[in-house]
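Keep the sequence handy as we go.

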Amino acid sequence: MNTLKTKLLIPITIGFFTLVGCSQQVQNDPDAGVAVNAGEAVINSSGKGANRGSKKSNIRSTVSSNVRNNQSRAVKRGGGAANINRADGSDLTLAGLKDPNNLLSQRIIYFDYDKAAIRPEFMVLINTHAKLLAKYPQLRMTLGGHADERGSREYNVALSENRAKSVKRIMGTQGARASQIRTVGYGEEVPIVAGKGERSWQKNRRVEIKYDNY
Amino acid sequence: MNKIIFTLLFLLLPTLSFALELSLEETDDSIPITIMPISGKASGIIAADLKRSGRLKIINHSKLIGVSPFGGSIAGINKFSDVTDYIVRGKVNQEGVLAIELISTSDAAVTRFNIPANKRARRVAHQAADKIYQKITRIKGAFDTRIAYVVVTNKASPNRQFRLMISDSDGENAQTILTSKEPVMSPEWSPNGRVLAYVSFEGGESAIYMQNIFSGEKVMVSGRRGINGAPAWSPDGKRMAMNLSIDGNSEIYTVNLESGQLTQVTKSDAIDTEPVWSGTNSIIFTSNRGGSPQLYQIPAVGGKARRLTFNDKYNSAADVANNKITFVTGQRGAFHIALKTLGGTDKVILSNGRLDESPSVSPNGAMVAYVTKKGNQNRLSVVSDNGRARQFLSAPAGDIREPAWSPYLR
């Protein structure tokens with residue numbers, strides 16, 4: 001357990017400094033990102049180390065202030081990877097959908113266990129996609145909701161549909177039309193990874209954005 | 001407690017290689033019974049069925065020296081009474097009829113019955129096991145039944161494949177009913193045991209279908225916007241309860257299968273799903289309206305829901321048969337299978353895995369099929385209601401899910 005915590009703290013620390021520094025660096029390692037989330041889960045479940053607890057809240061508050069302060073600075077934590085990119089109006093083009101350095105290339109939103117509420121760190125990502133929809137009324141997308149393997153299968157279908165609907169609701173507030181977005185709840189039937197444990201479960205609790213024709 | 005582990009390797013099926021393991025904990029209060037050899041496979045099938053009930057203990061016939069064959073004398077049979085309570089003798093005639101003699105060793109009483117021939121020979125043996133079980137325990141046997149389930153290969157890969165399958169209640173005679181690249185879920189038997197309802201995403205979104213297992217004839221029951229999930233036939237077969245999200249939220253509805261008339265049963269802001277009928281007028285379902293998933297009961301026409309489960313943070317996925325209810329109960333992060341009498345307080349925990357799910361109770365209420373996780377693979381398990389006999393059935397190439405026990409076959 002000690003070894004595990006030590007391993008997990010490293011990516012947390014990296015994530016922390018990356019966020020604080022508002023670096024332009026692009027990290028494309030999804031595993032590093034998941035380690036941040038898994039690390040949070042460890043902190044939550046132990047709930048003891050005051051140090052770690054404060055680091056966690058630092059990450060959260062930094063993300064939140066980024067969100068509040070300036071949307072031109074998009075904090076990307078798809079899978080938690082601290083990935084910062086410009087996502088102002090100039091990037092909101094259909095070509096941006098195919099640019100791996102554009103925030104629009106991020107298509108997965110992750111969730112907490114048995115929750116459909118959007119984590120604050122995904123607001124910028126969701127809003128960016130929503131603005132693209134608003135700009136291109138012909139554009140269509142499917143939001144596919146997913147759950148981890150815990151809980152019964154039909155309950156997870158409903159939970160995962162609620163996750164997709166949560167994303168759709170926020171996109172609606174940014175000017176996306178309801179007719180542009182289809183939601184599907186897949187439950188736990190289409191996992192990204194097969195393993196058990198929080199590291200795998202976190203990867204599977206998600207909404208995937210799929211654009212028609214893109 | 002005397003714990004004995006049996007491992008039996010059954011015949012490989014033509015299309016699938018299934019390994020069947022029996023792991024049984026036998027206790028002294030189980031009833032000893034001896035099945036004398038019968039030509040063909042009947043004696044082995046009968047013995048395995050009775051063993052799986054958890055109420056009977058199979059005594060090897062080699063321990064009984066001098067029992068005369070079927071139809072022979074039973075004089076002096078009581079000398080075996082300290083070894084076995086019952087002796088079964090049988091004979092298959094040329095037409096395939098199985099004649100059985102069930103002999104009680106203490107009083108030398110003989111019960112004789114014939115099982116008619118069937119082109120599926122294993123069913124003859126299962127029917128004999130049902131009768132023997134009923135004579136001894138006074139509970140109707142449910143060995144001559146089927147189990148439907150879903151098998152998934154490559155579950156975390158784009159090449160994943162879903163197969164809807166049915167097998168006999170002992171896992172034999174597995175047949176594929178449907179194959180799909182998209183999710184297939186929640187098989188449910190019609191009350192006559194001839195049709196399966198299930199959820200399939202084959203059209204890109206969920207829809208509920210009914211499919212005749214003999215003719216293959218398939219009909220879409222519900223392909224509404226949003227969720228079409230958790231089908232459950234009413235006991236009279238006239239209505240189907242299901243989970244729909246047409247009002248924007250996951251609710252229970254019933255559909256009249258003749259008229260198509262839709263009736264909304266639940267109305268809440270929470271997730272309401274997994275309906276199961278308790279009689280023709282009442283539905284038990286899972287809801288997180290109280291903060292965590294729990295079981296509730298509501299009139300089938302709608303009305304006030306009554307909470308049924310209060311212990312533990314998590315209770316869901318109920319199935320009901322013969323006045324018994326089985327469900328998943330969550331305790332300290334682990335999920336187990338529970339069984340109790342409807343309205344009773346006799347809850348027993350039947351499973352010991354960490355992620356046990358999808359329980360389905362046999363039509364006589366005396367066995368529960370469920371899925372348990374072993375490594376990264378789900379395995380199908382059948383456990384007796386006293387928890388003493390447990391059978392694992394696994395398809396090596398796949399992840400087994402959502403067993404559904406058929407009603408009695410006709």
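Helix H6 (198-204) of chain A, plus strands E23 (314-321) and E31 (399-405) of chain B, each put at least two residues into the lining of the largest cavity. Keep in mind that this is a predicted model. The cavity holds about 240 Å³ of space, and a search of the whole structure turns up six cavities of 30 Å³ or more. Its lining counts 26 residues, with A:Glu149, A:Arg150, A:Arg153, A:Glu188 and B:Lys373 lying nearest the centre. Sorted by class, that lining has eleven charged, nine nonpolar and six polar residues.

Some of those names come back as soon as you look at salt bridges. There are 30 of them over all chains. Start with A:Arg150, whose side chain meets that of A:Glu198 at 3.8 Å, N to O. A:Glu198 sits in helix H6 of chain A, while A:Arg150 sits in the loop between strand E4 (141-145) and helix H5 (153-173) of chain A, so the pair ties together parts that are 48 residues apart in sequence.

Which residues are linked with them in a network of salt bridges? The network is made up of A:Arg153, A:Glu188, A:Glu189, B:Lys155, B:Glu357, B:Asp399 and B:Arg401.

Over in chain B, have a look at B:Lys324 and B:Asp385, where the side chains meet in a salt bridge of 3.8 Å, N to O. This pair links distant parts of the chain, 61 residues apart: B:Lys324 is in strand E24 (residues 324-331) of chain B, and B:Asp385 is in the loop between strands E29 (377-384) and E30 (389-394) of chain B. B:Lys324 is partly exposed, with a relative accessible area of 21%, whereas B:Asp385 counts as buried at 12% relative accessibility.

Now for the open spaces. The largest pocket has about 910 Å³ of space. Its lining takes in 41 residues, and those nearest the centre are B:Glu188, B:Val276, B:Asp319, B:Val320 and B:Ser360. Both chains take part: H5 of chain A gives at least two lining residues, as does each of E11 (184-189), E15 (228-233), E19 (272-277), E23, E27 (357-361) and E31 of chain B. Which strand supplies the largest share of this lining? That would be E23(B), with five residues. The class breakdown is 23 nonpolar, eleven polar and seven charged residues.

The second largest pocket comes in at about 480 Å³. It is lined by 18 residues, and nearest its centre you'll find A:Tyr113, A:Arg150, B:Gly333, B:Ala334 and B:Phe335. Two elements give two or more residues to that lining, E24 and strand E25 (334-341) of chain B. Its lining splits into seven nonpolar, five polar and six charged residues.

Finally, the packed parts. The largest nonpolar core has 37 residues, and B:Ile33, B:Ile46, B:Leu50, B:Leu98, B:Ile100, B:Ile132 and B:Tyr149 touch the most other members. Helix H2 (residues 121-137) of chain B gives the most to this core, seven residues. At least three residues come from each of domain 1 (19-137) and domain 2 (146-405) of chain B. A second, separate core of 27 residues includes A:Leu97, A:Leu104, A:Phe122 and A:Ile209.

One more helix deserves a stop. In helix H1 (residues 42-52) of chain B, ten of the eleven residues are buried, so the rest of the structure largely encloses it. Among those buried residues are B:Ile46 and B:Leu50, along with B:Asp49, B:Lys51 and B:Arg52. After H1(B) comes B:Gly54, with a positive phi near 80 degrees.

How values were computed. Residues are numbered from 1 along each chain as its sequence is written. Chains are lettered from A and ligands numbered from 1 in the order in which they are written. This is a predicted model: local features need pLDDT of at least 70, side-chain atom pairs count only at pLDDT 80 or more; totals for chains, interfaces and linings use all residues. Side-chain values use heavy atoms; hydrogens and water are left out. A nonpolar core is a set of buried Ala, Val, Leu, Ile, Met, Phe, Trp, Tyr and Cys residues joined through side-chain atoms within 4.5 Å. Buried means under 20% relative accessible area, exposed over 50%, partly exposed in between (1.4 Å probe, protein chains only). Helices (H or I, at least four residues) and strands (E, at least two) are DSSP runs, numbered from the N terminus. Domain bounds come from an automatic or database domain assignment. On a 1 Å grid over the protein atoms alone, a cavity is a set of points where a 1.4 Å probe fits but cannot get out, and a pocket is an open set with protein on both sides within 12 Å along at least five of seven lines; lining residues have an atom within 4 Å of a point. Grid points are joined across faces, edges and corners, and a volume is the space filled by probe spheres set on the points. Ala, Val, Leu, Ile, Met, Phe, Trp, Tyr, Cys and Pro count as nonpolar, Asp, Glu, Lys and Arg as charged, and the others, Gly among them, as polar. A salt bridge is a side-chain nitrogen of Lys or Arg within 4 Å of a carboxyl oxygen of Asp or Glu.
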